[in-house]
Amino acid sequence: MYRINKKCVQCGMCEMVCPKEAISIRNRNYYIDELVCDNCLEIKRPICREVCPIKKAIVTKNFPEF
Ligand code: SF4
Ligand code: SF4
């Protein structure tokens, strides 16, 4: 499961590409809804992380520096 941390510069790219529409702004920060995100099961790689211009802004809980 992925989450967005404080390195995010709020460019909005991840929200635009998420196939599940799991990403939105909450309390002025981009946020991944864990109940909606399926880790991009179909394409087998997290497209939000791929488009994010900021290194390590989207991380996993188990591997924060992933
Ligand atoms: S991993 Fe995929 S489904 Fe989950 S938030 Fe990122 S783009 Fe959306
Ligand atoms: S793509 Fe990265 S920097 Fe842009 S809003 Fe999403 S997490 Fe933030």
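Helices (H or I, at least four residues) and strands (E, at least two) are DSSP runs, numbered from the N terminus. With that in hand, you can read this chain as β-α-β-β-α-β along the sequence, for a total of two helices and four strands. What you're looking at is a predicted model, where local features need pLDDT of at least 70, side-chain atom pairs count only at pLDDT 80 or more, and totals for chains, interfaces and linings use all residues. Residues are numbered from 1 along each chain as its sequence is written, while chains are lettered from A and ligands numbered from 1 in the order in which they are written.

**Confidence**
- The predictor's confidence in each residue is called pLDDT and runs from 0 to 100; the chain averages 92, and 92% of the residues score at least 70.
- Helix 1 (residues 13–17) has the highest confidence, at 98, and strand 4 (residues 58–60) the lowest, at a mean of 91.

**Overall shape**
- The radius of gyration, taken over C-alpha atoms, is compared with a globule rule of 2.2 Å times the number of residues to the power 0.38.
- For 66 residues a compact globule would come out near 11 Å, and the chain agrees because it has 11 Å.
- Along the principal axes, the C-alpha atoms fill a box of roughly 30 × 25 × 20 Å.

**The core**
- A residue is buried if 20 or more other C-beta atoms (placed from the backbone) lie within 10 Å of its own, exposed if 12 or fewer, and partly exposed in between; 20% of the 66 residues count as buried.
- A nonpolar core is a set of buried Ala, Val, Leu, Ile, Met, Phe, Trp, Tyr and Cys residues joined through C-beta atoms within 7 Å.
- The largest one has twelve residues, among them Ile4, Tyr30, Cys48 and Cys52.

**Around the ligands**
- Being near a molecule means having a C-beta atom, placed from the backbone, within 6 Å of it.
- Ligand 1 is surrounded by 14 residues, the closest being Cys18, Cys37, Cys40, Pro46 and Cys48.
- Ligand 2 has 15 residues around it, with Cys8, Cys11, Met13, Cys14 and Cys52 coming nearest.

- Most residues other than glycine have a negative phi.
- Asn39 has a positive phi of about 60°, and this residue sits in the loop between strand 3 (29–32) and helix 2 (47–51).
- Lys44 also has a positive phi, near 65°, and is found in the loop between strand 3 and helix 2.
- Asn39 counts as partly exposed because it has 15 C-beta neighbours inside 10 Å, whereas Lys44 is exposed, with 7 other C-beta atoms within 10 Å.
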